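These are my notebook entries on a structure that I had not looked at before. I wrote down each look-up as I made it, beginning with a single residue and going on to the larger elements.

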Amino acid sequence: MTETTECDHYDSRILAELQQDARITMAELGRRVHLSQPAVTERVRKLELNGVIKGYRAEVDLSRLGYGIRAIIRVARAEYARVVKLIEQTPEVINAYNVTGEDSWVLEIAVIDVAHLDAVVTKFCILTETSTAIVLNAPRENAVVLPARRENIKPTIRKVTGK
């Protein structure tokens, strides 16, 4: 299991702000979380050193880059190394997850059109059985993730007692 890094209220606020805008200046970040610029810079540096912040990246609009279709491919059981190699050789795969359950892999792909979709899916069909779903819309993506807190988890179902 991965070691958990303790995050206080300031760290949580810093993480929320950086996930919403990674290009924010340290001075502005400090103003938003009510810390001095040197203090917030030090906290960000520690979050980076501890591996909480793994990196910074640009979020792109796939449709503006010419990708008209996003799809999810579920890939059945196949030799792990062969699937990993095919994923690495397929630039259309934008996210790949090795999962439990009936399928072994869930892949998110971006393709130009249906013919392109068919070509990519066919590569994986050669290995094993697949199932494909086209993404119609994504009402939630890249949500802000804050440190896990057990005390925030409330059961949605109440226990039934014999009384």
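Entry one, a single residue. I looked up Val-114 and found that this residue lies in helix H5. The model I am reading is a predicted one, and in it Val-114 has a relative accessible area of 56%, which means that the residue counts as exposed, since the cut-off for that class is over 50%. I then checked Val-114 against Gly-68, and noted that the two are 46 residues apart in sequence, while their C-alpha atoms are 8.9 Å apart in space.

Entry two, the sheet. I asked myself in which order the strands of the sheet stand. I read the order as E2-E3-E1-E4, four strands that form an open sheet with antiparallel pairing. Strands E2 (93–98) and E4 (130–134) stand at the edges, and each has a single partner strand, so one side of each is left without a neighbour in the sheet.

I followed E2 to strand E3 (residues 105–111), to which E2 is joined by five bridges, the two running antiparallel. Within this pair I found Tyr-97 standing opposite Val-106 in E3.

Helix H4 (residues 80–88), for its part, lies across E2 and E3, and its angle to E3 is about 15°.

On the H1 side I listed Tyr-10, Asp-11, Ile-14, Leu-15 and Leu-18 as making the contact, and on the H3 side Val-40, Arg-43, Val-44 and Leu-47. Sorted by kind, the residues of this contact of H1 with H3 come to seven nonpolar, no polar and two charged.

How many disulfides does the structure hold? I found zero. I also looked up how accessible Cys-7 and Cys-125 are. Cys-7 is buried, with a relative accessible area of 8%, whereas Cys-125, at 40% relative accessibility, counts as partly exposed.

Technical notes. Residues are numbered from 1 along each chain as its sequence is written. This is a predicted model: local features need pLDDT of at least 70, side-chain atom pairs count only at pLDDT 80 or more; totals for chains, interfaces and linings use all residues. Side-chain values use heavy atoms; hydrogens and water are left out. Contact means heavy atoms within 4.5 Å. Ala, Val, Leu, Ile, Met, Phe, Trp, Tyr, Cys and Pro count as nonpolar, Asp, Glu, Lys and Arg as charged, and the others, Gly among them, as polar. A disulfide is a pair of cysteine sulfur atoms within 2.5 Å. Buried means under 20% relative accessible area, exposed over 50%, partly exposed in between (1.4 Å probe, protein chains only). Two strands pair if DSSP finds at least two bridges between them. Axes are lines fitted to C-alpha atoms, for helices over the stretch in contact, and angles run from 0 to 180 degrees between N-to-C directions.
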